[in-house]
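Reader: I am new to this structure and would like a close look at a single part of it, the sheet and what surrounds it. Please go through it step by step.

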Amino acid sequence: MATAAAASKPVLWVPRHVLVTASAQAEPHGRAILDRLAAAGVDDVRLLTGDRLPPLRGDDDRATYARAKRTLAVVTSAQSKRRPTPIPPSADFSFPLAEGCPGHCQYCYLAGSLAGPPITRVYADLPRVLEGLDAVVGTGAVTSGTAARGHEGTTFEASCYTDPLALEHVTGSLAATITHFGTHDWPGPVQLRLTTKYDDVEPLLDLPHHGRTRVRASVNVTDVERFEGGTARVAARLHALGRLARAGYPVGLTIAPIMPVDDWRGQYAGLLDAAAAELPAGADLTVECITHRFTPKSKDVQLGWYPRTKLDLEESTRSRKHGKFGAVKYVYDRDTMRDLRGWFEAAVADRLPAARLLYWT
Ligand code: SF4
């Protein structure tokens, strides 16, 4: 597995269409993104005279989806979005580098949480977004309240609404953020966190990260990986994670979404063993386990985008749960959850004994 992954080229997304708002054109980071897009050979770049994106609609949901997924918008963040938002259990706060993702994962939770056609928006005013983080350092509830994570300082999640590594070669935003976390004079301890299904880690290896960025690979078994179009293969993600760990980064596995597929014990055991084979001894490793769930809204959007999906979206076999603000979500029933959880807790301890299991959900 390691040899094949090492030999393969990283997955690099290049947008077909680019829209740049007037405010984004005025930002130095926005202009740097335009230079990167030119170097990547993108020639359909529309410089807008205002800050409103033009409507994007195809003949049906599927056509709208296809066009939006090929489109990158370079914008500036609204003040309300710039503010760090609490997001337990993953981290103390999330903050935006971008919104949307070029991947085609049929189960993607972004389907239910972003409004409108799934254009990927990247933020040209990144320095302002980063400046705003100082104000909340020391105020988080997740890390300060957890013995396993207290030493991490205030944690900031950069991949709530995007996969930052997917966009890196056309934005440079992730390298700038890792460098900021590694070199800024913070008012207290901090940690940047991101999770990715991509593998182009070469530009990150020599950054002055100073151990303040934890990169997690989002990984799964073959029967779930087949729902993850446009992403790097799992073997390549694990190989990339090993390279980051050898470059001194704290690393992690986001095992998500966990599904009780055929022979799930055997398949997930193979996944944990493949991770162990790629990671160096002594790696600072965490594991997060997230089972598959969906909401009525995400199901609706996913079926519009992937009408022939084989994804299990059957409500009658699930338990209904009420999330934040009363929203309904469908999770596996209690017996299935108990079996999965018991097995994962034991298997992670057995196959990755140095790892800290952060949470199960
Ligand atoms: Fe969604 Fe992550 Fe897949 Fe992107 S890589 S489509 S954010 S699940």
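Author: In this predicted model, strand 3 and strand 8 run parallel to each other and are joined by four bridges. One of the residue pairs here is A73 with R121, the latter being its bridge partner in strand 8. Strand 3 (residues 71-75) also pairs with strand 1 (residues 17-20), again in the parallel sense and over four bridges. In that pairing H17 is set opposite T71 of strand 3.

Helix 3 (residues 28-39) packs on this sheet, where it touches strand 1, strand 2, strand 3 and strand 8 (120-123). The direction of helix 3 makes about 155° with the direction of strand 3.

Strand 8 has a pairing with strand 6 as well, this one antiparallel and over two bridges. There, A98 has V122 of strand 8 as its bridge partner. Taken together, the sheet is open and consists of five strands in the order 2-1-3-8-6, with mixed pairing. The edges are held by strand 2 (45-47) and strand 6 (98-99); each has a single partner strand, so one side of each has no neighbour in the sheet. As a general point, the strands of a sheet pair through backbone hydrogen bonds, in either a parallel or an antiparallel way.

A further set of pairings involves strand 9 (residues 154-157). T154 and F156 point one way from strand 9, T155 and E157 point the other way, and all are buried. Strand 5 (residues 91-94) pairs with strand 9 in the parallel sense over two bridges, and S94 has E157 as its bridge partner there. Strand 10 (residues 190-196) also pairs with strand 9 in the parallel sense, over four bridges. E157 takes part here too, with R193 of strand 10 as its bridge partner.

H151 lies in the loop between helix 7 (126-131) and strand 9. H151 counts as exposed because its relative accessibility is 56%. Its C-alpha is 8.2 Å from that of P189, although H151 and P189 are 38 residues apart in sequence.

S159 is in the loop between strand 9 and helix 8 (168-171). With a relative accessibility of 5%, S159 counts as buried. Leaving aside residues up to four places away in sequence, S159 touches Y109, P164, R193, L194, T195 and R216. S159 and T196 are separated by 37 residues in sequence and by 7.8 Å in space, C-alpha to C-alpha.

C160 is also buried, at 17% relative accessibility. A disulfide needs the two sulfur atoms within 2.5 Å. Across the whole structure, a search finds zero disulfides.

Terms used
Residues are numbered from 1 along each chain as its sequence is written. This is a predicted model: local features need pLDDT of at least 70, side-chain atom pairs count only at pLDDT 80 or more; totals for chains, interfaces and linings use all residues. Side-chain values use heavy atoms; hydrogens and water are left out. Buried means under 20% relative accessible area, exposed over 50%, partly exposed in between (1.4 Å probe, protein chains only). Two strands pair if DSSP finds at least two bridges between them. Contact means heavy atoms within 4.5 Å. Axes are lines fitted to C-alpha atoms, for helices over the stretch in contact, and angles run from 0 to 180 degrees between N-to-C directions.
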